[in-house]
Amino acid sequence: PAVVNFCRRCQGLIVASGNPRKIRSTKDLKQADVRVVNRKLGTGTRQLFDRELEMAGIAGAQLEGYAVEVQRHMDVGLAVLGGKADAGPGIQPVAEQLGLDFIPWRWERYDLLIRKERFFHPNVQLFLGLLHEKRFLQIAAGYRGYDTSISGKMIFAPPAERSGEN
């Protein structure tokens, strides 16, 4: 497949506005009565959360709500906004959009994998071209937690189709 960077994004903990539980790091999730919400097993955010918990010496089973899984980053933010959880793993732009606080862990690359047979399709090429458009870059710059400095850059490209070869 071709691998093209879409953006970099900041991953961390989404917490309530004003951070009333005073959560400053992953270790603080071990406080009594802190409730979390989680991402689905198999997502990159869930894997990162589990790694952060392990580095903090916390087993997921120790956390109230660890088994409560949601599909999207926005679902994590809405659970925190609605008071169903005190914290959950997600991306900074969701926290910003919902007026929540955010404790950053790290930046991650968000890449697109495009099958070789689809890569040269006009619609795919049109979409990839948008990643270099001034308007796209301006809109993305309005969201804290996104970095578009390498958006649209090829990490690996499929070889061009060779005519006449079987």
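Residues 24 or more positions apart account for 75% of the contacts with a separation of 6 or more in the protein, a contact being a pair with heavy atoms within 4.5 Å. The model behind this value is predicted, so local features need pLDDT of at least 70 and side-chain atom pairs count only at pLDDT 80 or more, while totals for chains, interfaces and linings use all residues. Residues are numbered from 1 along each chain as its sequence is written, and side-chain values use heavy atoms, with hydrogens and water left out.

The overall build comes next. The protein has 6 helices and 7 strands, which are DSSP runs numbered from the N terminus (helices: H or I, at least four residues; strands: E, at least two). Read from the N terminus on, the order of elements is β-β-α-β-α-β-α-β-α-α-α-β-β. Along the principal axes, the C-alpha atoms fill a box of roughly 70 × 35 × 25 Å. Of the 166 residues, 40% count as buried; here buried means under 20% relative accessible area, exposed over 50%, and partly exposed in between, with a 1.4 Å probe and protein chains only. The accessible surface comes to about 9600 Å², and 53% of it belongs to carbon and sulfur atoms; the areas come from the Shrake-Rupley method with a 1.4 Å probe, and for residues only the protein chains shown count as cover. As for charge, there are 24 positive and 18 negative side chains, and the centres of the two sets lie 2 Å apart. Lys and Arg count as positive and Asp and Glu as negative, without His and the chain ends, and each charge is placed at NZ of Lys, CZ of Arg, CG of Asp or CD of Glu.

An α-helix has 3.6 residues a turn, so residues three or four places apart point the same way. After helix 2 comes Gly83, with a positive phi near 80°.

Aromatic rings form a further theme, with 7 aromatic pairs in the structure. Rings of Phe, Tyr and Trp (its six-membered ring) pair if their centres lie within 6.5 Å; planes under 30 degrees apart count as stacked, over 60 as edge-to-face and the rest as tilted. Phe6 and Tyr110 form an edge-to-face pair, 6.0 Å centre to centre with 65° between the planes. Phe6 lies in strand 1 and Tyr110 in strand 5 (residues 101-114), so this pair ties together parts that are 104 residues apart in sequence. Phe6 is partly exposed at 22% relative accessibility, and Tyr110 is partly exposed at 35%. Ring pairs also link Phe6, Tyr110, Phe127 and Phe136 into a cluster.

Most residues other than glycine have a negative phi. Lys22, however, has a positive phi near 55°, and Asp33 has a positive phi near 70°. At 49% relative accessibility Lys22 counts as partly exposed, whereas Asp33, at 60%, counts as exposed.
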